[in-house]
Amino acid sequence: MTTRFEQALDKLKMSGVRMTPQRYAILSYLLDSTCHPTADDIYKALADRFPSMSVATVYNNLKVFIESGLVRELTFGDNSSRFDADMSNHYHAQCEQCGKIVDFHYPTLTEIEQQAASETGFLVSGHRVEVSGICQDCMTKTTH
């Protein structure tokens, strides 16, 4: 059985994308991450291993991964993009205090897409559901 990483590498190779050590590290970091990192988070995590790598290198590679369908960009109200390599159908809950983003699964809301298409005439390509609140870590901090 092939791993997600091997599948991602195969997809990039089939798209003609050359694998550099930095690209390999960024992809590996994203596939191992569940914290929905920003480009700056990725840069800081890999800077010691790749001292000549810039934040622009991270952004350029993220763009390649998005265009290849390996990563999705998440935008929230804090004006920063976060990146998610879990391409399954899932939704996100974000803490209003610390900004942590957590995945949760719920049956796909295809009826909403169909209703929107019917009422608007749009060719609906997707939807996004976000839940906000206070995470357990922040609740614990405020009660102590």
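Q: What is the handedness of the crossing of α1 and α2?
A: The crossing of α1 and α2 is right-handed. A crossing is right-handed if the near helix is turned clockwise from the far one by less than a right angle, and left-handed if anticlockwise.

Q: Before we go on, what kind of model is this?
A: This is a predicted model: local features need pLDDT of at least 70, side-chain atom pairs count only at pLDDT 80 or more, and totals for chains, interfaces and linings use all residues. Residues are numbered from 1 along each chain as its sequence is written, and side-chain values use heavy atoms, with hydrogens and water left out.

Q: Back to the helices. At what angle do α1 and α2 pack?
A: Helix α1 covers residues 4-14 and helix α2 covers residues 21-32; they pack at about 140 degrees, with axes 10 Å apart. That makes α1 oblique to α2. Angles under 35 degrees count as roughly parallel, over 145 as roughly antiparallel, 65 to 115 as roughly perpendicular and the rest as oblique. Axes are lines fitted to C-alpha atoms, for helices over the stretch in contact, and angles run from 0 to 180 degrees between N-to-C directions. Helices (H or I, at least four residues) and strands (E, at least two) are DSSP runs, numbered from the N terminus.

Q: Which residues make the contact between α1 and α2?
A: From α1, R4, F5, A8, L9 and L12; from α2, Y24, L27, S28 and L31. Contact means heavy atoms within 4.5 Å. By class, the residues of this contact are 7 nonpolar, 1 polar and 1 charged.

Q: How do α3 and α4 cross?
A: Their axes come within 9 Å and cross at roughly 120 degrees. So α3 and α4 are oblique to each other. The α3 and α4 crossing is right-handed. A39, D40, I42 and Y43 of α3 meet V55, V58, Y59 and L62 of α4.

Q: New topic. What is the phi of H36?
A: H36 has a positive phi of about 55 degrees, although it is not a glycine. Most residues other than glycine have a negative phi.

Q: Where is H36, and is it buried or exposed?
A: H36 lies in the loop between α2 and α3. At 2% relative accessibility, H36 counts as buried. Buried means under 20% relative accessible area, exposed over 50%, partly exposed in between (1.4 Å probe, protein chains only).

Q: What does H36 touch?
A: Leaving out residues up to four places away in sequence, H36 touches L74, R82, F83, D84, H92, I101, V102 and D103. One of those, H92, has D103 as its bridge partner in β4.

Q: How do β3 and β4 run?
A: Antiparallel, with 4 bridges joining β3 (residues 91-95) to β4 (residues 101-104). They form a hairpin with 5 residues between them, and G99 in the turn has a positive phi of about 85 degrees.

Q: What is the strand order in the sheet?
A: The order is β4-β3-β5, in an open sheet of 3 strands with mixed pairing. β4 and β5 stand at the edges, each with a single partner strand, so one side of each has no neighbour in the sheet. Two strands pair if DSSP finds at least two bridges between them.

Key
Ala, Val, Leu, Ile, Met, Phe, Trp, Tyr, Cys and Pro count as nonpolar, Asp, Glu, Lys and Arg as charged, and the others, Gly among them, as polar.
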